[in-house]
Amino acid sequence: MIAIAAASALGISLCPTDASARRTRAAVADGVPNWDLTASCRAAASAGYSETPSERLTGCLASEQRTREELDKNWSTFPAADRSACMKSLTFSPTYTELATCLEMRRDLKNSRDAKPADTNPRQ
């Protein structure tokens, strides 16, 4: 019950997730997906030793909501192919933190590949 109340207070959808293929198409086309993060945050909350499980759960849900909001602001800056690939890679209990990390890693890898290498053999 605490998880449902915390999720509701944070505006996190508790709807069941769609099949992976539909979820991927919808997310790429429509924006950041709406995931039920209760199970992921409940698992994370049960593993911690500081704070109470309820406080850890609430903190996890709040953190995921902030990450989702940040993704929502920047969603269109990520190429559709990267959004699709990251969505496909998150098949079990996905989180916004994992999605953001995947997208940022793909962006950073592309940026490092596109960067011109430093001239290591200057002409004399």
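Author: T95 sits in the loop that runs between helix 5 and helix 6 (helices are DSSP runs of H or I with at least four residues, numbered from the N terminus). This is a predicted model, where local features need pLDDT of at least 70, side-chain atom pairs count only at pLDDT 80 or more, and totals for chains, interfaces and linings use all residues. Residues are numbered from 1 along each chain as its sequence is written, and side-chain values use heavy atoms, with hydrogens and water left out.

T95 counts as buried because its relative accessibility is 11% (buried means under 20% relative accessible area, with a 1.4 Å probe and protein chains only). Its side chain reaches the backbone nitrogen of E98 at 3.1 Å. Leaving aside residues up to four places away in sequence, T95 touches W35, L37, S40, E64 and L90 (a contact means heavy atoms within 4.5 Å).

Now to the core. The largest nonpolar core has 19 residues, and W35, L37, C41, L71, Y96, L99 and L103 touch the most other members (such a core is a set of buried Ala, Val, Leu, Ile, Met, Phe, Trp, Tyr and Cys residues joined through side-chain atoms within 4.5 Å). Helix 3 (38-47), helix 4 (53-74), helix 5 (80-89) and helix 6 (96-114) each give two or more residues to this core, and helix 6 supplies the largest share, five residues. L99 touches P33, W35, L71, W75, C86, M87 and L90, again not counting residues up to four places away in sequence.

Terms used:
Buried means under 20% relative accessible area, exposed over 50%, partly exposed in between (1.4 Å probe, protein chains only). A polar contact is a pair of N or O atoms within 3.5 Å; within protein, one must be able to donate a hydrogen and the other to accept it, and residues adjacent in sequence count only if both atoms are side-chain atoms.
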